[in-house]
Amino acid sequence: MSDSAAETVEQTGSEHVSGSDGYPEEYRLLELTPEIAAQLDADTTFVVRGRDTDSAVLIDATEQAYAMHTAHTSNSMYLLTRDNGQLTLRTKLHQVFDLQPTRPQVRARVLEVLKWDTRGAFRGTEFEHEGVTDESITDGVRVTDTVLDQHVQAGHAHVRRVLDDVLAFRHNATGHWRVLDAGYACDLLRIILATHVERDWPLDALRADTVYSALHAESPHILPEVVDAVLRRFATEHEGVFAMDTRRVCVFLAEQIFASSGSRAWPVPEFLRALRATMPPQLTLDVDMDAWNSRSISTSVVGKLAVATSAPADEHLLHSPNGVPASLTLLLPVDNNTLPQDTRARMRDLFAVKSKWTAREMRPFLEDLVADESAVAKAVDSWLLKFGRGVRGTNGESMVQSINMAGIRTAWTLLTQPSLLRPDIVVSDIRALSWDKLRSRGIRFLVFDKDNCLTAPYASQIHPPYASAWTSCLKEFPDRVLIVSNSAGTNDDPDFQAARAVEKALGARVLRHIEKKPRCGREILQALQASPGEVAVVGDRLATDVVLANMHGMTSVWVQNIVSRRGDNLVAAALRDAEHAAYRMATRLGL
C-alpha cells in the first residue's frame, strides 16, 4: 500500500489500521519472477548463498542462480496483515529486492576456498606427513561441504562439477575436500590404463569399484575416493559406468604443458610433440597437424587454454582465408583461472595476451561472464563494441583491438587548443623529406610512425617505393632514428614480438612505451636522451603524430599520402579522413 493509499483508508474511515510509528518489525520485500513463483507454489526449497562481502544469490531447484538486487521505490509501501479481522501495519518499505538470472563465478571461488587448506595438493597417503610437524598439521582451514556452501554462490550439483574438473576429492574418513596433485593424478591415470590392457577392460565401461579393487591389490595406500576423482576427471559417467574421454585427457595434459612454461608462446609442431610425449600410449592423439592452421586450432586438444597467433613477420597471414600454416602458428597460453571476473578488467588482460582478436576467438574466454547461456554471442559482441575498436582482417573477418585511451583523453584538450593539430611541415610522403632542411632547424633525432607512414598497416617491411629514402634516412641520422607505433612496442604487443620483428625488418629501434600516442612524449625524449627542439616527429595522423610533437615542443611533420587502406583500422581510417577534410577547410579559410 502506498502513502496515498494509506491516507485514503485513514480518511474514509472504512477500516481502522493499527500500528506504531516506529514500525519495529523488520521485513524485506522480494519481487519474484514467474518461474520462481511457480516453484514456490509447488513447495520447492530455495537457498540464498553469499558471504558478507558478496551480493546475495538465490539458487532454485533447477540450480539456476539469481542475483538479488536492491531497487528503490518512488513511493513508500506499507505492509499490512490481518489478525482476527484487524488490519495491522507491520512496516514501511522504501525498497524491494528483485531477481536477475546470473552465472556465479564458481570455479574461481572453489579454487580460492580449496587453497585455504595449507597442506597443499594431495600426493598420496604416504606423503601426507612428510616434513610436517604435529603443530602445523592443524594449520589452515579444512574445507567441508559446509564451508563450500558458505562461500560459493552456486548449487551443489554445479559445485560438484567444478570440484571434479579441478581434481578435488572428499576424504571419506574426514569429510574434507582436497585437490589432487596433477602429477599424482597422471600417474594414477597411467596405472588405470595399464591395468585396462592387462585385464582387458573395455575403456568405455569402467567401474570405479572394479578399478579400485585392482589398484588396491597392488598399492594398498590408494584411496577409493581418489580413484573415483581421477575417473570423474578423465572419463564421462553414466549410471556408475565410466567411459575414458581422450579429449579430457588431451586438454588436461595441454594445461600441464602450458603451466610448465609460464607465458611462453608454443610453436604448434613443438607443442604437439610435447603432447604426444606425455600422452598415455593406450590413448590416440587424433590430430593431423597438416590440417591445423591459425584459424582452425583444435579445441579438443587445447580447449580454452590458448589462442593462436604467429611470428610477427607472418601476422599478415593470421586472418587471411587460409590462416597461418601450423608450422608457423604459435599458441599463446591463457590462464582461465587467473582472468578477472570484471568484464573491463577481463578484456584488458586478454588484449595484453594478444593485441587483435576476432569475436570468434575471444568468445570462449568471455562466455562464463554471461548469465544467460543462450545470449553469449550477443553479450560478447556488445562488449567488443564497448571495450575494443573494430579492425577489418584481410579475409574480411571483423576483429577488435584495445581502445587508445590516450587519444580519447587528448580529444578534450584539442577542443580548447585546436592549434595542436597544425603541422610545422607538410610533405606528400617520406621521399619528400629534406634531411638538410631538418638539420637546419636543429633536428638531430627523427621519430617515425610505422603504419601507413613507413609500412602497410600492421606490416613489418618498408613500403617498397620508400626503400631508398628510408636507407638514406638511416645513413643521414645513424642511431638517431626511433619508430613509435600504437601497435608494435605497446601493451598490445605480447612480449614485444612485433617490435622485435619491425626492428629486424627496418633496422631502427622501436620504442617500448606504456602510454599510446599522443601521450608518450616524455617516454620518447627519455629514450632518445634529447631535448624537444632536437626531435622531429613524422607521421600520417594529425590527431596522434602531429599532436604528439606539438604537445611536447617537438617539430611536427605530417605526411599526407598513406601507404594503403587495405587492412587498416576502420576507426583510424575514418578519423584520418575527417582530419584531412578539416585540414583542407582550414587551409581554404586561411586559418
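Which residue stands opposite Leu331 in E14? In this predicted model, Trp266 stands opposite Leu331 in E14.

Residues are numbered from 1 along each chain as its sequence is written.

## Overall composition

The protein chain contains 21 helices and 23 strands; helices (H or I, at least four residues) and strands (E, at least two) are DSSP runs, numbered from the N terminus. Of its 591 residues, 46% count as buried, where buried means under 20% relative accessible area, exposed over 50%, and partly exposed in between (1.4 Å probe, protein chains only). Accessible areas come from the Shrake-Rupley method with a 1.4 Å probe; for residues, only the protein chains shown count as cover. Among contacts (heavy atoms within 4.5 Å) between residues at least 6 apart in sequence, 65% join residues at least 24 apart.

Strand E14 (residues 329-333) is largely enclosed by the rest of the structure, because five of its five residues are buried. Thr329, Leu331 and Pro333 point one way from E14, Leu330 and Leu332 point the other way, and all are buried. E14 pairs in the antiparallel sense with strand E12 (residues 266-267) over two bridges; pairing requires that DSSP finds at least two bridges between two strands.

In helix H10 (residues 268-278), the buried residues include Val268, Pro269, Phe271, Leu272 and Leu275. They cover an arc of only 160° around the axis, which puts them on the same side of H10; the arc is that of the directions from the helix axis to the C-beta atoms. Arg273 and Ala277, on the other side of H10, are exposed. An α-helix has 3.6 residues a turn, so residues three or four places apart point the same way.

## The sheet E9-E11-E10

Three strands form an open sheet in the order E9-E11-E10, with antiparallel pairing. Strand E9 (206-207) and strand E10 (235-238) stand at the edges, each with a single partner strand, so one side of each is left without a neighbour in the sheet. Strand E11 comprises residues 241-244. The pairings are set out below.

| Strand pair | Sense | Bridges |
|---|---|---|
| E9 and E11 | antiparallel | two bridges |
| E10 and E11 | antiparallel | four bridges |

Arg207 has Val241 in E11 as its bridge partner, and Glu237 stands opposite Phe242 in E11. The hairpin of E10 and E11 has two residues between the strands, and Glu239 there takes a positive phi near 55°.

## Individual sites

Leu30, Leu32 and Leu40 make a nonpolar surface patch of about 210 Å². Patches are made of residues with over 30% relative accessible area and no salt bridge, with like charges joined within 9 Å and nonpolar side chains (Val, Leu, Ile, Met, Phe, Trp, Tyr) within 5 Å; a salt bridge is a side-chain nitrogen of Lys or Arg within 4 Å of a carboxyl oxygen of Asp or Glu. Leu32 lies in the loop between strand E2 (30-31) and helix H2 (34-41) and is partly exposed, with a relative accessible area of 35%.

Met347, in helix H12 (residues 343-353), counts as buried at 1% relative accessibility. Met347 and Leu384 are 37 residues apart in sequence and 8.5 Å apart in space, C-alpha to C-alpha.

Conventions. Predicted model: local features only at pLDDT ≥ 70, side-chain atom pairs only at ≥ 80, totals over all residues. Heavy atoms only, no water.
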